[in-house]
Amino acid sequence: MKKAILTFVLIGLVGSLSAQFHSAQRAAAVFVESLERSSTMTYYLPDDYNGSPYFNDTFLPGSIYENNEVIASEYFFRYNAIQDEIEVKESPDAPDTEIKVLTKVPEVYVKIMNDLFFYNANDLNPDHNGYFQVLVVGNKFNLYKKLNKRFYPAKKAKNSFEKDVLATYKDKPLYYVVDQKGNFFDVPDSKKKRVNVFGNKKADINKFIKHNKLDMSEEHNLVKAFKYFDSFKDA
């Protein structure tokens with residue numbers, strides 16, 4: 001079983017021209033080239049819709065890492081949450097037919113602007129396979145986010161009293177506390193039940209939440225509570 005725990009060491013891309021050429025070769029090797037895939041990239045998109053199937057609608061600058069080493073930093077990326085793929089372009093203005101897809105292996109991950117994504121592959125628990133956004137790398141635990149999206153088809157009005165409803169993509173993010181062995185613990189959707197993921201530190205976390213008046217339905221408050229939990233020596 002491949003573990004999800006990574007030590008994210010961000011190393012600058014420096015070196016001689018030969019080293020840069022070698023990195024470019026390695027970067028090219030982690031792309032899945034598919035003209036057929038690229039030509040149908042938006043087959044699931046209706047003509048008009050609300051929301052987005054992407055984490056970032058536009059292609060943004062980022063870097064590709066392999067085993068904690070930067071192998072490319074001159075590409076542009078977009079995370080496709082519906083397809084669970086990292087789409088890549090050499091230029092943000094390049095046509096969609098030139099979109100490539102990052103190979104899905106745990107050794108290769110990407111930082112898009114300030115957001116870090118890695119691919120988890122777990123043969124024993126395939127329910128937790130796929131791309132995750134790293135929210136916190138802690139001392140004993142990590143906090144991951146699965147950028148889950150749900151698609152609701154368009155609805156035509158049945159009569160003059162109703163209105164047409166556009167197709168809609170809604171964010172339904174999932175959060176996980178992950179230990180050093182790579183075990184995933186689901187963070188409940190209910191803000192009142194989210195403290196259950198903190199186990200025997202639940203009472204301490206509840207006090208912290210009340211003292212700081214944290215709304216646990218908000219991601220940044222979940223991050224605060226998680227960091228406090230991870231600070232316990234016996235957590």
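Okay, let's start with the surface: the accessible area of the protein chain comes to about 13500 Å², by the Shrake-Rupley method with a 1.4 Å probe. Of that, 51% belongs to carbon and sulfur atoms.

Bear in mind that this is a predicted model, where local features need pLDDT of at least 70 and side-chain atom pairs count only at pLDDT 80 or more, while totals for chains, interfaces and linings use all residues. Residues are numbered from 1 along each chain as its sequence is written, and side-chain values use heavy atoms, with hydrogens and water left out.

On confidence: pLDDT, the predictor's score for each residue from 0 to 100, averages 82 over the protein chain, and 80% of the residues score at least 70. Residues 1-24, though, have pLDDT below 50, and the model gives this stretch 44 contacts (heavy atoms within 4.5 Å) beyond near neighbours in sequence. Where pLDDT is low, the predicted coordinates should not be read in detail.

Now the fold. The protein chain has four helices and 14 strands, taken as DSSP runs: H or I over at least four residues for helices, E over at least two for strands. Out of 235 residues, 41% are buried, that is, under 20% relative accessible area. Among contacts with a separation of 6 or more, 56% link residues 24 or more positions apart.

One last thing, the pair α3 (residues 202-212) and α4 (residues 219-230): their axes, lines fitted to C-alpha atoms over the stretch in contact, come within 10 Å and cross at roughly 135 degrees.

Conventions: Buried < 20%, exposed > 50% of the residue type's maximum accessible area, 1.4 Å probe, protein only. Axes fitted to C-alpha atoms, helices over the stretch in contact; angles between N-to-C directions.
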